[in-house]
Amino acid sequence: MLTVNKLKTFGADVESGLARCMNNEAFYLKMVNMAAEDAGFERLKAAVESKEIPRIFEAAHALKGMLGNLALTPLFQPASEMTELARTGSDADYASLCDGIFDRLRELQALRDES
């Protein structure tokens, strides 16, 4: 079960996330739980596997917005980096960046699944 304290330990800027959710802790935690299962992560993975930079940009940009609104900094930062690299058409190592995002996503999911 996710808690505000677990999210703080994860590195989320909980105060900012809560402020965007009208300081409603239950609503914020519900949104974070939903984000942890968002289909956008799989879209990003598929885009990276296809090596289509416009698709990478679209998927990373969508995740960046969601993660930024929830202030999930450990996921937001690499999604933001990927967005900016893809925006410029950079020939970056998107697979490594994607792996990093999924590593942090698994950490968040593990926190959620803890008793």
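This is a predicted model: local features need pLDDT of at least 70, side-chain atom pairs count only at pLDDT 80 or more; totals for chains, interfaces and linings use all residues.

Biologist: What length does helix H6 reach, from its first C-alpha to its last?

Modeller: Helices are DSSP runs of H or I with at least four residues, numbered from the N terminus. The expected span is 1.5 Å times one less than the number of residues. H6 (residues 73–87) has 15 residues and reaches 20 Å, close to the expected 21 Å. Just after H6, glycine 89 takes a positive phi of about 75 degrees.

Biologist: Which residues of H6 are buried?

Modeller: Buried means under 20% relative accessible area (1.4 Å probe, protein chains only). An α-helix has 3.6 residues a turn, so residues three or four places apart point the same way. In H6 the buried residues include Leu75, Ala79, Met82 and Ala86.

Biologist: Is alanine 60 buried or exposed?

Modeller: Alanine 60, in helix H5, is buried, with a relative accessible area of 1%. Contact means heavy atoms within 4.5 Å. Not counting residues up to four places away in sequence, alanine 60 touches Leu44, Ala79, Met82 and Thr83.

Biologist: How many residues has the largest nonpolar core?

Modeller: A nonpolar core is a set of buried Ala, Val, Leu, Ile, Met, Phe, Trp, Tyr and Cys residues joined through side-chain atoms within 4.5 Å. The largest has 36 residues, and Met82 is one of those with the most contacts inside it. Helix H7 gives the most to this core, with eight residues.

How values were computed
Residues are numbered from 1 along each chain as its sequence is written. Side-chain values use heavy atoms; hydrogens and water are left out. Helices (H or I, at least four residues) and strands (E, at least two) are DSSP runs, numbered from the N terminus. Buried means under 20% relative accessible area, exposed over 50%, partly exposed in between (1.4 Å probe, protein chains only).
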